[in-house]
Amino acid sequence: MNDVAREAGVSLSTVSYVLSGKRTISEETRLAVQSAIRKLDYSPHSGARALASNRSNVLGLMAPLRADVNVSVIMQFVAAVVTTARTYNQDVLLLTQDDAGGLERVTSQSMVDGLLMMDIEARDPRIPLLAKLRKPAVLIGLPDDPQGLSCVDFDFAGASRTAVRHLVDLNHRSIGFIGSPQASLERHATYADRARKGFTEACEAAGVGSVLRACEASMAALTEALTAVLDDDGAATAVTALVVHNEGLLPLLHEALAGRGLHIPEDISVVVIAPEDVALAAARPWTAVSIPAHDIGRAAVEMVMDRLNSDKPVEVRLIVPTLVQRETSSAR
């Protein structure tokens, strides 16, 4: 910076203000400093700037790539976080493991200014550590006990209620639910638990029958789940509609139903809970309850930046579900 100041014929503090943008500098002076920087082939050292400002201009995003999650949907959230972070002049460090060691490493070495954590479990073992760290943090998910951390998530229980109300309005009296893989339920991923709970409660409130099955994202598993749901001997009336909360099944669903001689919407109504572009990618789309991945990712970044730049209080924000209606028909 001394070299730049001498070359530009200005003070050291003026060079600092041009680089940091913390004070208004005349256009002539700013151009002179930038010209000197280019001539001397100078570039700011990010590590040194981080030490001086106590900021790295990096946000950490923990997005575990587990076998039971749909990576393409996870990446929609990641893309939303990255694009929003850029509007705040922040880069994003992606952590794809779910171990607490990664959190400790990036915070102890001051690699990130704030943290966002996805794929939250009901009793997530990462949360106690995150709550103790002296970094602003936001959960993309709603655990049983956030331990004082801010949360933003989609209202998955509300999404199931919206889907059931739509199907009840079409006079369906027995509805099947095909959900996340069993592994998601066993580790109590909050999106899986809340979607199932909302579905069960909505069916009970409406007085309609319900059959639920977990399902892996494969044709064999889907065929087995459809057989269990549609041929369930315990149901008072035959299932005539489905709610599907498993993005990995959507490319397979038309074919699997056609294999049973069923077509949407003539023979069966289907409502899927998924990001809108994923849900409506089928040639003959079904009704969808849209998961707004971009809105959730954007809100998470806004919330962590609020806490980074001010003492804004803890908040819990649930994104309201929206029904995107396409082809469904009344039960016969």
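Q: Is strand β1 (residues 58-62) largely enclosed by the rest of the structure or exposed, and how many of its five residues are buried?
A: In this predicted model, a residue counts as buried when its relative accessible area is under 20%. Strand β1 covers residues 58-62, and it is largely enclosed by the rest of the structure because the buried residues number five of the five.

Q: Which residues of β1 point the other way from V58, G60 and M62?
A: In a regular strand the side chains alternate between the two faces of the sheet. V58, G60 and M62 point one way from β1, and these residues are buried. The buried residues that point the other way are L59 and L61.

Q: In which sense do β1 and strand β2 (residues 91-95) pair, and over how many bridges?
A: The partner strand β2 comprises residues 91-95. Its pairing with β1 is parallel, and the number of bridges is five.

Q: Which residue in β2 does L59 stand opposite?
A: L59 is one of the buried residues of β1, and β1 pairs with β2 in the parallel sense. The residue opposite L59 in β2 is V92.

Q: Where is N57 found, and what is its phi?
A: N57 is found in the loop between α4 (46-53) and β1. Most residues other than glycine have a negative phi. N57 is a residue other than glycine with a positive phi, near 55 degrees.

Q: Is N57 buried, partly exposed or exposed, and what is its relative accessible area?
A: Partly exposed residues fall between the buried limit of 20% and the exposed limit of 50%. N57 is partly exposed, as its relative accessible area is 31%.

Q: Which loop holds Q147, and what is its relative accessibility?
A: Q147 is found in the loop between β4 (137-140) and β5 (150-154). Although Q147 is not a glycine, its phi is positive, at about 55 degrees. Q147 counts as partly exposed, with a relative accessibility of 37%.

Q: What is the bridge partner of V271 in β10?
A: β9 and β10 pair in the parallel sense, and four bridges join them. Within β10, the partner of V271 is T287.

Q: Which residue in β12 does V289 stand opposite?
A: Strand β12 (residues 322-324) runs antiparallel to β10, with three bridges between them. V289 of β10 is buried. The residue of β12 opposite V289 is L323.

Q: Which residues does A5 touch, not counting those up to four places away in sequence?
A: A5 lies in helix α1 (residues 2-8) and counts as buried at 6% relative accessibility. With residues up to four places away in sequence left out, A5 touches V10, S11, L12 and V15.

Q: How far apart in space are A5 and I37, C-alpha to C-alpha?
A: A5 and I37 are separated by 32 residues in sequence. Their C-alpha to C-alpha distance is 9.3 Å.

Q: What is the relative accessible area of L226, and which residues does it touch beyond four places away in sequence?
A: L226 has its place in helix α11 (residues 219-230). L226 is buried, with a relative accessible area of 1%. Not counting residues up to four places away in sequence, L226 touches I178, D231, L242, A256, L257 and R260.

Q: How many helices and strands does the protein have, and what is its radius of gyration?
A: The protein has 14 helices and 12 strands. The globule rule gives 20 Å for 332 residues, and the protein is more spread out than a compact globule because its radius of gyration is well over that value, at 25 Å.

Q: What percentage of the contacts with a separation of 6 or more is between residues 24 or more positions apart?
A: Of the 332 residues of the protein, 48% count as buried. Among contacts with a separation of 6 or more, the share from residues 24 or more positions apart is 68%.

Technical notes
Residues numbered from 1 in each chain as written. Predicted model: local features only at pLDDT ≥ 70, side-chain atom pairs only at ≥ 80, totals over all residues. Heavy atoms only, no water. Helix = DSSP H or I, 4+ residues; strand = E, 2+ residues; numbered from the N terminus. Rg over C-alpha atoms; globule rule 2.2 N^0.38 Å. Buried < 20%, exposed > 50% of the residue type's maximum accessible area, 1.4 Å probe, protein only. Contact = heavy atoms within 4.5 Å. Pairing = 2+ DSSP bridges.
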